[in-house]
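Thank you for having me at the group meeting. Please take a moment to look at the sequence and the model on the screen, and then we will go through a few places together.

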Amino acid sequence: MAGEEVKETLLNKREEQYYYENCPGCKVDLHKAGQTGFPIKELLSIWVVVLGTALPISSLFPFLYFMIRDFNIAKREEDIGSYAGYVGSAFMFGRALTSAFWGIVADRYGRKPVIIFGTFSVIVFNTLFGLSINFWMAVITRFLLGSLNGLLGPIKAYAAETFREEYQALGMSTISTAWGIGLIIGPALGGFFAQPAEKYPAVFSKDSIFGRFPYFLPCLCISLFSLVVGIASFWMPETLHNHDSRMPPQSSYKALEAASDTKEGNESTPKQSLLKNWPLISAIIIYCIFSLHDMAYSEIFSLWAVTPRKFGGLSYSTVDVGEVLSISGCGLLVFQLTLYPLVEKYVGPIAIARAAGVLSIPLLACYPYIAMLSGTALTVAINFASLLKNVLSTSIITGLFILQNKAVDQRQRGAANGLAMTSMSLFKAIGPAGGGLLFSWAQKRLDASVLPGSQVVFFVLNVIEAIGVLLTFKPFLVETQKT
């Protein structure tokens, strides 16, 4: 009897809110309306898709220094950082150019095709990057990987459309957490599995493909994971509504704005222009600045760690870098799933972002002095510093991500995420190139009287961090007041 009442309620609701029989988005809404319990299946689906996308972005950083060296394109050892920066920036530059295009495709043809295509682009071009035989092949494959993998914006809209209202925040935090973990686990994989014929000669022969292409194994591992994710993505439900026969055509921009709120999608409610929404725009600008800082830091940290001691580095191997980043990744996962939600609940995302930014400044200032340590003291210090830095950085990004989604209503969240993605990608494209050039320049001024060597590198990073912190205060950053 109770089951019949629920079914009747859903059918009535379907009529009142214009659910259509053959619309995939309406089917998802019907599923949400009758869903009870925790949406673990949806969370896991989004988690693995985002993780598969995030892994290849920074997996190259631990071995990029050695890869550029093996290409024999740098005339001096001090120039390796510059070329490494160009390879690191190619992905984000490609993504910045095509983010808007993939948003239009996701709006017109659905989120699912973009998710599947983006995942399979990882399989092809990440594998080809591992087989690169020269500098330009590495740059081109990374650029194509960024250009053709445009699923991060659509997956945010997908999450907003998949979860019930009470799980919206959890769905969004799942994306940011999976993204942050991927950006740390990726370099860990790169550190452990690069140059396997040298590290594990009993398993990998120098005459094998892994001996001839020493940076292929970590790329292959990530590509195989993406293959599994890509195949599984075929069973993901489409969330985009298709009412062509009953609704007037919409522009791509408006449709993307409306896609996140299916219950009110048929109401002609006026919307505020995103570009006039200062709480959103201010949060995106700050988000871009911290993203620039984080991408530059990721590039610089790996270069600095493997650089010889004579240039102010740690003389670490790729395995050593992988161990440091693995510890950071495990600690970050625990923090994001346990402590962060509790802290955010009591103090709010803005306070967390400010505190994390302020704490990052003295922490980064200590890095050049950590390089003076050795043995156990160095191991403990660098692991603690890396873990703390990644926790602070992810806390800032997650807080700003929450602010962005609070700044718009449900119907505009997809378009807001697309705007943030395009802007962030441009800044993240600058990060590795700028970081590589800065690092190379710093190695040429080891005897400078002011901020010699790596000190100037971490000083510049701190300047960027300080600018981001200052912008989190009024009147620049304005938090949306919910009524």
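Let me begin with a question: is S147 buried or exposed? With a relative accessibility of 8%, S147 counts as buried, where buried means under 20% relative accessible area, exposed means over 50%, and partly exposed lies in between, all with a 1.4 Å probe and with protein chains only.

Before I go on, please keep in mind that this is a predicted model, in which local features need pLDDT of at least 70 and side-chain atom pairs count only at pLDDT 80 or more, while totals for chains, interfaces and linings use all residues. Residues are numbered from 1 along each chain as its sequence is written, and side-chain values use heavy atoms, with hydrogens and water left out.

Back to S147, which is found in helix α7, residues 135–148; helices here are DSSP runs of H or I with at least four residues, strands are runs of E with at least two, and both are numbered from the N terminus. If we set aside residues up to four places away in sequence, S147 touches G94, R95, T98 and W102, where contact means heavy atoms within 4.5 Å. A polar atom of the S147 side chain also lies 2.8 Å from the backbone oxygen of F143.

Now the whole protein, which has 20 helices and 0 strands, and in which 57% of the 483 residues count as buried. Among contacts with a separation of 6 or more, 80% are between residues 24 or more positions apart.

What does the interior look like? The largest nonpolar core has 111 residues, and those with the most contacts inside it are V87, I155, W304 and Y367; such a core is a set of buried Ala, Val, Leu, Ile, Met, Phe, Trp, Tyr and Cys residues joined through side-chain atoms within 4.5 Å. Helix α14, residues 278–306, gives this core its largest share, 16 residues. Apart from this core lies another one, of 5 residues, among them F204, F210, F213 and F216. As a general background, nonpolar side chains tend to be buried together in soluble globular proteins.

Let us turn to some loops. N72, in the loop between α4 (61–71) and α5 (80–109), has a phi near 60°, a positive value in a residue other than glycine, and N72 is exposed, with a relative accessible area of 66%. S315, in the loop between α14 and α15 (318–347), is not a glycine either, yet has a positive phi of about 60°; at 42% relative accessibility, S315 counts as partly exposed.

L451 sits in the loop between α19 (413–443) and α20 (454–470), and is partly exposed at 27% relative accessible area.

My last stop is in the segment after α20, where P475 lies, and where the peptide bond from K474 to P475 is cis, with omega near 10°.

Notes: Polar contact = N/O pair within 3.5 Å; in protein donor to acceptor, adjacent residues only side chain to side chain.
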